[in-house]
Every structure is written in C-alpha cells, then in structure tokens.
Protein chains: 2
Amino acid sequence: MTWHVVTGGAGFIGANLARALSQAGDQVVVVDDLRLGRREYLAGLANIQLRKVDAADIAALTAALRDVPDVSVEVWHLCANSDIRKGATDPSVDLHATFLTTFAVLEVMRARGWGVLHFASTSAVYGDHGMAAVDEAANTRPVSNYGAMKLASEAIIRAACETFLTHARLLRFPNVVGVPATHGAVLDFTRRLMADPLRLTVLGNGRQQKVYLHVAELIEAMLFVRAQALGTCEVYNLGPSDAGICVADIAQIVRDRVAPSATISCANEARGWVGDVPRFRYDVSRLAALGWTPKLTSAAAVARAVEEIAQQERAPYLATLNA
Amino acid sequence: MTWHVVTGGAGFIGANLARALSQAGDQVVVVDDLRLGRREYLAGLANIQLRKVDAADIAALTAALRDVPDVSVEVWHLCANSDIRKGATDPSVDLHATFLTTFAVLEVMRARGWGVLHFASTSAVYGDHGMAAVDEAANTRPVSNYGAMKLASEAIIRAACETFLTHARLLRFPNVVGVPATHGAVLDFTRRLMADPLRLTVLGNGRQQKVYLHVAELIEAMLFVRAQALGTCEVYNLGPSDAGICVADIAQIVRDRVAPSATISCANEARGWVGDVPRFRYDVSRLAALGWTPKLTSAAAVARAVEEIAQQERAPYLATLNA
C-alpha cells in the first residue's frame with residue numbers, strides 16, 4: 001500500500017487531495033497546523049490520520065512522521081501561506097509558511113530516504129508577463145513574496161533532485177476555486193455580500209484578469225501527472241489556456257447568486273494589491289501533450305465554485321459534502 | 001557623501017569592492033562574520049569601518065548599522081556561503097549564509113528606508129544548459145543548493161522592488177579569480193602543490209569547463225552598472241563570452257607556475273561534485289550593449305590570478321598588496 005504524506009492536507013486543496021487518495025484505498029497522513037485547515041474537512045474519510053504540526057519545524061515534523069514506513073511513501077507538499085497580500089507587509093509569513101516548510105519537508109525526506117515529491121507551486125513564480133501565454137520555460141520574476149518563496153521552494157527541490165529526490169513534480173497552480181473554501185475572492189465577496197447585501201467594493205479597478213481552475217479538475221490533473229512515467233524533475237502549468245476571468249465579472253456572478261440587488265464599485269488602481277499580477281495567461285501545451293486538459297473554462301470553474309461556496313456559507317460544510 | 005554598506009566586505013570580492021569605494025572617497029561600512037574574510041584585507045584603507053556580525057541575524061545587523069545615515073546609502077550584498085560542495089550535504093549552510101542573509105538585509109533596508117541594492121548573484125542560478133550561451137532571460141533551474149539559495153535571494157529582492165526598493169541590480173557573477181584568494185580551484189591547486197610538489201589530483205574528469213572573470217574587471221563591471229541610469233530591477237550576466245577554461249588546463253597553469261615537475265591525475269566523473277555544472281557559457285550581450293565587456297578572456301583571467309595567488313601564498317597578503 002502507498003502512504004501519502006500531505007502537508008496542508010486539512011486545507012482547501014489538501015482536503016480534496018486527501019479525500020481522493022483515501023478513496024483510492026491508499027493510506028494518508030495529513031500534516032496541518034490547522035490555522036486555515038479544519039479537522040472536519042477530513043471527517044468520515046477512511047485511512048486518514050491528521051497530525052497537527054508546524055511543518056517548518058524540522059524536529060516536530062520528523063516526530064510527527066516517525067511511524068510512516070520507509071518505503072512506498074509519496075509526499076505532497078501543499079502547505080503555504082495563502083494570504084498573498086499579507087506577505088507584502090510581513091515577509092516573515094511567506095518565509096516561514098511557504099519556504100521554510102519546503103526546506104523542512106526536504107530535510108525530513110532526505111533523512112527518511114523518501115524520494116517522491118509532488119509540490120504545489122504557482123503561476124506567481126512567473127510574475128507579470130502581460131497577456132503573453134506563459135509556458136514552463138518562461139522567465140521567472142515574481143512580484144510577490146509568496147511567488148518568491150514558491151520559486152525559492154522550487155529551486156531547492158531542483159537542487160535536491162541532484163542528491164536524493166528520485167521524482168519531483170513541480171505543479172504550477174493557477175487560482176483554484178471550490179469547496180471547502182477557506183480564502184480567495186469568491187469567498188470574500190460571498191461573505192461581504194451576505195453581511196451587506198446592498199453593496200460590494202472590489203479591490204483595484206476590477207479588470208485584473210486571472211486564470212481559474214476548479215479544485216476537482218486540479219486534483220484530477222495532479223493524479224494524472226502522478227500516473228505518468230516522467231523524468232526526475234518535471235514542471236507543469238496546470239490550468240485552462242483561456243485568458244481568464246476578470247475580478248469585476250467574478251463579483252457580478254457572486255452578486256447575482258447571493259445578493260442580486262447589490263451595487264458593485266471599483267477603484268482606479270490597475271492592481272488589487274502590491275504583488276498582485278493584473279493579467280495572466282498560461283501556455284498549458286506541455287500537459288496537454290501528455291493528454292490532460294481541463295474541461296471547464298476559467299469562467300465556468302468560477303461559476304461552479306460560486307454556487308458551491310454560496311451553499312457552504314449557508315449550510316455547515318459537512319452538510320454540503322453529503323448533499 | 002555616499003555611504004556604502006558592503007556585506008561580506010572583508011572577503012575576497014568584498015574587500016576588492018570596499019577598496020575601490022574607499023579610494024573613490026566614499027564612506028564604507030563593512031559587515032562580515034570574518035569566517036573567510038580577514039580584517040587585514042581592509043588594513044590601511046581610509047573611510048572604512050568593519051562590523052563583525054552575522055548578517056542573517058536581523059537584530060544584530062540592525063544594531064551594527066544603527067549609525068549609518070538614513071539617506072545616500074547603497075547596500076552591496078555579497079556575503080554568502082562560498083563552499084558550494086558543502087551545501088550538497090548540509091543545505092542549512094546555504095539556507096543561513098546565502099538566503100537568510102538576503103532576507104535580513106532586505107528587512108533592515110525596509111526598516112531604514114534604504115532603496116538601493118546591488119546583489120552578487122551567480123551563474124549557478126541557471127543550472128546546466130550545456131554549451132548554449134545563456135542570457136538573462138534563460139530558464140533558471142539550479143542544481144546546487146548554493147544556486148537555489150541565490151535564486152531564492154533574487155526572487156525576494158524582485159518582490160521587494162514592488163514595495164520599497166527603488167534600485168536593485170542583480171549581478172550574476174561567473175567564477176571570479178584574483179587576490180586576496182580565500183577559496184576556489186586556483187588556491188586549492190596552489191596549496192596542494194606547495195604541500196606536495198610531485199602530484200595533483202583533480203576532482204572530476206578535468207573537462208568541466210567554466211567561465212572566469214578577474215576580480216579587478218568584476219569590480220569595474222559592478223561600478224559600471226552602478227553608474228547607469230536603469231530601471232527599478234535589472235539583471236546582468238557579468239563575464240566573458242568565451243567558452244571558458246577547463247579544470248585540467250587550470251591545473252596545468254598552476255602546476256607550471258608552482259611545481260613544474262608535478263603529475264596531474266583526473267577521475268572519470270563528468271562533474272567535480274554533486275551540484276557542479278560541468279559546462280557553462282554566458283551570453284553577455286545585455287551588458288555589452290550598455291558599453292562594458294571584460295578585456296581578459298577566461299584563460300587570461302586565470303593566468304593572471306595564478307601568478308597573484310602564487311605570490312599571495314609565498315608572501316603575506318599585505319606585502320603583495322603593497323608591491
């Protein structure tokens with residue numbers, strides 16, 4: 001049986017991944033500090049153990065994973081700071097949660113002789129390339145500390161491939177939407193409209209245009225890459241090839257679903273916050289050549305998530321899951 | 001008067017830079033932990049103050065720089081682990097000395113409102129591109145922890161350009177040679193041949209081919225870039241455009257100068273050590289377009305350094321300087 005160690009496995013993406021791995025019959029050990037992640041996101045799943053630990057603490061992480069076998073282990077490193085804005089004012093957040101967790105995960109893997117790592121990277125490693133479709137070989141010039149610490153993580157993973165890693169998959173995620181939502185624009189708009197159904201103010205000018213992938217398709221893509229026979233270190237853009245959906249359009253979809261009479265107002269800044277990338281478009285032909293592309297466009301992924309998140313916020317999460 | 005803060009300023013490159021800045025009449029504050037750097041490398045220079053401090057310690061660095069003015073300050077961040085091999089077995093060395101020093105330097109600059117940073121980056125950020133001439137937009141895929149932590153440093157500097165840095169210069173150095181030599185192949189070969197004038201064993205197969213720049217030309221290039229009117233964040237390859245010189249040829253030049261009767265033996269491995277890049281070639285047209293190219297080829301730079309290092313190892317360093 002394969003054992004999967006999933007850092008951040010009680011969070012939004014991690015809980016979806018842990019569920020998929022559990023349902024495939026494998027053993028899953030979730031590592032999570034439970035700041036954003038929640039124990040109940042994993043409730044009712046078989047073969048899952050949750051270890052509450054700060055994954056940047058090498059000694060604590062080592063202890064938490066002591067009973068995991070030495071062989072047939074794969075590590076999925078997903079935990080990170082998910083508040084990109086916060087990293088602009090306090091870089092120590094991304095240093096600790098996004099980079100030093102990667103450093104610690106690698107140190108534990110080296111010590112245990114675990115060679116297989118799937119890493120949740122991000123389109124933020126590229127920085128601002130305008131509307132050029134960015135492939136995996138594009139210049140990486142991050143404009144946020146989040147993107148910088150993810151690129152830093154990729155860099156030390158690449159170096160580890162020269163010493164002890166046998167398979168590293170650097171998966172560059174776009175914006176990911178779905179439930180259980182713990183952060184992000186759709187959740188933010190939904191909560192603010194539920195609190196004040198008459199108005200919604202959007203950061204920036206609303207024209208920031210991003211690529212979105214639904215979490216169900218993201219998990220499918222991650223498992224697809226896992227199933228391929230590939231080289232030691234591989235990097236893939238995961239996402240749709242469309243030009244994305246702009247923030248003002250997301251706000252309207254949420255408004256139409258949650259509070260149809262609300263007025264939406266925008267500011268004048270081209271960027272929503274410092275470190276925000278106002279436009280981004282993926283070239284995903286590398287993964288498409290292997291045989292995987294998402295079925296949902298960015299707009300369709302968001303529309304599906306808006307419905308799911310509206311239900312999540314009106315009902316307890318578990319009720320949503322069991323519906 | 002401009003104040004220059006030079007981290008690693010008592011080391012090989014740093015001491016050469018500090019001397020040039022001092023001789024230009026500016027004020028220089030050197031930050032160095034004096035592990036490889038030496039106080040005497042700065043002896044006799046005017047307007048230089050040395051602060052012995054671990055630059056990764058934010059509080060200690062803040063205290064050490066408290067009396068530097070708030071304005072007209074430029075920071076030259078050169079300190080790093082210079083033992084690339086060591087980083088393969090103990091990544092904490094590069095984490096601390098190469099990356100967390102950059103993080104701390106940025107935190108101090110943010111707190112003090114200093115906006116000008118010159119950063120000693122490296123060709124190691126590129127990884128192995130074979131004999132393709134690598135320009136600044138090439139894919140960065142480091143194969144050593146040293147290269148990874150330098151790329152990580154570049155990444156957080158780029159992010160800092162979005163918040164408080166006004167001018168960042170990411171200068172990607174090749175192998176740099178000259179005196180005062182503290183590490184590197186020429187010094188290593190020289191010392192080993194002085195200890196045993198009959199034989200010299202070279203790591204790898206001797207065919208690893210690297211680009212070399214003499215430190216005198218490197219300092220010239222750094223000051224040249226400083227004098228240009230450029231954008232907020234600029235990256236430059238610094239070095240010659242030739243295909244470099246191979247390790248076996250360097251060994252022969254040192255042998256001919258230091259111990260002419262020694263026999264040189266090589267191993268069979270294509271790489272000298274894990275994380276070594278066996279071949280590397282720069283595209284330096286970006287800096288050439290601004291008007292600077294080195295006068296010395298890689299081979300000429302090495303030949304000059306072999307002579308200087310032979311003198312350094314036979315005579316006290318200061319005597320060499322004053323000759």
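Biologist: How many of the 22 residues in helix 4 of chain A are buried?

Modeller: A residue is buried under 20% relative accessible area, exposed over 50% and partly exposed in between (1.4 Å probe, protein chains only). In helix 4 of chain A, 17 of the 22 residues are buried, leaving the helix mostly covered. This is a predicted model, in which local features need pLDDT of at least 70 and side-chain atom pairs pLDDT 80 or more, while totals for chains, interfaces and linings use all residues. Residues are numbered from 1 along each chain as written, chains are lettered from A and ligands numbered from 1 in written order, and side-chain values use heavy atoms, without hydrogens or water.

Biologist: What span does helix 4 of chain A reach, and where is its kink centred?

Modeller: Helices are DSSP runs (H or I, at least four residues), numbered from the N terminus. The expected span is 1.5 Å times one less than the number of residues. Helix 4 of chain A, residues 91–112, reaches 30 Å from first C-alpha to last, close to the expected 32 Å. A bend is the angle between axes fitted to the seven residues ending at a residue and the seven starting there. The kink in helix 4 of chain A is about 35° and is centred on L100(A). After the helix comes G113(A), with a positive phi near 75°.

Biologist: Which residues line the largest cavity?

Modeller: A cavity is a set of points on a 1 Å grid over the protein atoms alone where a 1.4 Å probe fits but cannot get out; lining residues have an atom within 4 Å of a point. The largest cavity holds about 70 Å³ of space. Its lining is P91(A), N145(A), F103(B), L106(B), E107(B), R110(B), I156(B), A159(B), A160(B), T163(B) and F164(B). Helix 4 of chain B gives the most, with four residues.

Biologist: What volume does the second largest cavity have, and which residues line it?

Modeller: The second largest cavity has about 50 Å³. Its lining consists of F103(A), L106(A), E107(A), R110(A), I156(A), A160(A), F164(A), P91(B) and N145(B). Helix 4 of chain A supplies the largest share, four residues. Helix 4 and helix 5 (145–161) of chain A each supply at least two.

Technical notes:
On a 1 Å grid over the protein atoms alone, a cavity is a set of points where a 1.4 Å probe fits but cannot get out, and a pocket is an open set with protein on both sides within 12 Å along at least five of seven lines; lining residues have an atom within 4 Å of a point. Grid points are joined across faces, edges and corners, and a volume is the space filled by probe spheres set on the points.
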